[in-house]
Amino acid sequence: MNGRFRFLVSAYATSAFGNYLNLIALGLFSYEVSGTAFGVGAVMALRLLAGFAAGFAAGALPAALTRRTVMVCADVAQAAAMTALALSAPGTPMWLLAAVVVVLGAGNTFFGVALRSAVPVMVGSHNRARANGLLMSARSLATVLGFASAAPVIAAGGYALAFACNAASFAVSAAALLVLRPRTDDEAPADEKDQAAPPRRGPRLFATAGLPGLLLGMILLRGVDALASSSHNAALPVVAHLAAPDEPAVFMARFWAAWAVGTVLAHWALRRSRPEAAWGERAFAVGTCAMSFCFTAAFLGLPAAGLVMAAAAAGFADGWTEIVYTTRLQAAPDRQRGRLFALSATAEQSGFALGAVAAAAALESLPALAVVAAFHGTAVCGAVALLLFTSGRRGTGLPRPAATPGEKEEDSHGTSTGARTMPGP
């Protein structure tokens, strides 16, 4: 967790800021180019489809290229695509817009899979939870700043300026990777590589392609969670216009700002809790249940203070599940890690795409609370199923490799501590 990695996190936050600023700008621009709501939906669907398809190839790329090369190429490709869009605006043809969103969708998947797979190599196995927390906190803050900056940036320089900002953010990320040259593929101690994810006894239900069934269960639940999350993303603008017709943007900004604070608090709390080796499938399932309940509560028509508290609690649970989930998958051997995150990206993209379509259709005839409750109820059922699947197992958290005599281990605070027995979750 040295200054080099923290600088890399800052570059990642800059890229995420550009992405979320562009998310709003590209949606509005798509309507301007296509002239129909169907065109906007088609552009969004094409982007999600590109990300979904890229998930199948993302796990195999590191076998031919280093993860750093994959990330740099993804950033450069997206920067070039956004530069082309900035130069062509406002007279962009539909075919160019379609090509750009394909590059954005695939590039985001390739970059995300490579980055999450490389974290244990960049910071060390015992620091991966802190690293995931920093990355997640940076992305959360970038989300709020990107959403808040979209309107003034577009007002100041039009869509061309927004696209240019996004292109510059990708360039900053690529430059940081080229200058810092973080190690992304060579795991340090060979014995740690072999012991990072020891074989685990018990049922291997749904195990496929050599991947443990419990990990596949977590990935499946992550996809269901993405489907559920699409409901509150679709319903929030509807509720904002009903609850605050004069200032819906303020309503949404308050919600997402509270959510971002909650995710940062989750990082802070997990840094001071039990070591990351004790977190596993049960912690992820419990966090998913809490997140679904909190997001549903945010649509109960609460007063402003209650809404902020519900959003912050949802953000805390969201941040908790993100860190625990990513850290658990990163405990897999290096040869499996890329496949796991590629499969995860595919599940998340497909879940969110399916949920976005279904939630939008449901909101035409049902109140927002009913839609959000139904979708998040599905996530709760999935989490309960995962809990039941692990209920007869002890120590589902990944055990830490035993320390050699006289050797000390590094705990999640980054301090040195004597070897100790790790409790189960």
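This is a predicted model: local features need pLDDT of at least 70, side-chain atom pairs count only at pLDDT 80 or more; totals for chains, interfaces and linings use all residues.
Residues are numbered from 1 along each chain as its sequence is written, and side-chain values use heavy atoms, with hydrogens and water left out.

The protein contains 13 helices and two strands; these are DSSP runs numbered from the N terminus, with helices being H or I of at least four residues and strands E of at least two. Of its 425 residues, 51% count as buried, where buried means under 20% relative accessible area, exposed over 50% and partly exposed in between (1.4 Å probe, protein chains only). The accessible surface of the protein comes to about 18100 Å², and carbon and sulfur atoms hold 68% of that area. Accessible areas come from the Shrake-Rupley method with a 1.4 Å probe, and for residues only the protein chains shown count as cover. Among contacts (heavy atoms within 4.5 Å) with a separation of 6 or more, 83% are between residues 24 or more positions apart.

The largest nonpolar core has 30 residues, and Phe 251, Phe 255 and Phe 299 have the most contacts inside it. Such a core is a set of buried Ala, Val, Leu, Ile, Met, Phe, Trp, Tyr and Cys residues joined through side-chain atoms within 4.5 Å. At least two residues of this core come from each of α8 (213–243), α9 (248–271), α10 (281–297), α11 (304–330), α12 (334–363) and α13 (368–390). Helix α9 gives the most, with six residues. Not counting residues up to four places away in sequence, Phe 251 touches Leu 236, Val 239, Ala 240, Ala 243, Ala 244 and Leu 307.

Leu 302 lies in the loop between α10 and α11 and counts as partly exposed because its relative accessibility is 35%.

Rings of Phe, Tyr and Trp (its six-membered ring) pair if their centres lie within 6.5 Å; planes under 30 degrees apart count as stacked, over 60 as edge-to-face and the rest as tilted. By this rule there are ten aromatic pairs. One of them joins Tyr 20 and Phe 147 edge-to-face, at 5.6 Å centre to centre and 80 degrees between the planes. This pair links distant parts of the chain, with Tyr 20 in helix α1 (residues 3–34) and Phe 147 in helix α6 (residues 128–180), 127 residues apart. Tyr 20 is partly exposed at 23%, and Phe 147 is partly exposed at 26%. Trp 256 and Trp 259 form another edge-to-face pair, with 5.4 Å between centres and 85 degrees between planes. These two residues are three apart in helix α9, so about one helical turn separates them. Trp 256 is buried, with a relative accessible area of 10%, and Trp 259 is buried, also with 10%. Phe 255, Trp 256, Trp 259 and Phe 295 form one aromatic cluster.

A salt bridge is a side-chain nitrogen of Lys or Arg within 4 Å of a carboxyl oxygen of Asp or Glu, and the count by this rule is nine. Arg 222 and Asp 225 meet in one at 3.8 Å, N to O; both lie in helix α8, three residues apart, about one turn of the helix. Arg 222 is buried at 7% and Asp 225 is buried at 5%. Arg 222 also pairs with Glu 322, the closest N and O atoms being 2.4 Å apart. That bridge connects helix α11, which holds Glu 322, to helix α8 across 100 residues of sequence. Glu 322 is buried, at 10% relative accessibility. In helix α12, Arg 337 and Asp 334 are three residues apart, and their salt bridge has a closest N to O distance of 3.3 Å. Arg 337 is buried at 1%. Salt bridges that share partners join Arg 116, Arg 139, Arg 222, Asp 225, Glu 322 and Glu 348 into one network.

Gln 78, in helix α4 (residues 67–88), is buried with a relative accessible area of 2%. Beyond four places in sequence, Gln 78 touches Val 103, Leu 104, Gly 107, Asn 108 and Phe 170. Ser 173, in helix α6, is buried at 3%. Leaving aside neighbours within four places in sequence, Ser 173 is in contact with Ala 11, Ser 15, Asp 75 and Phe 111.
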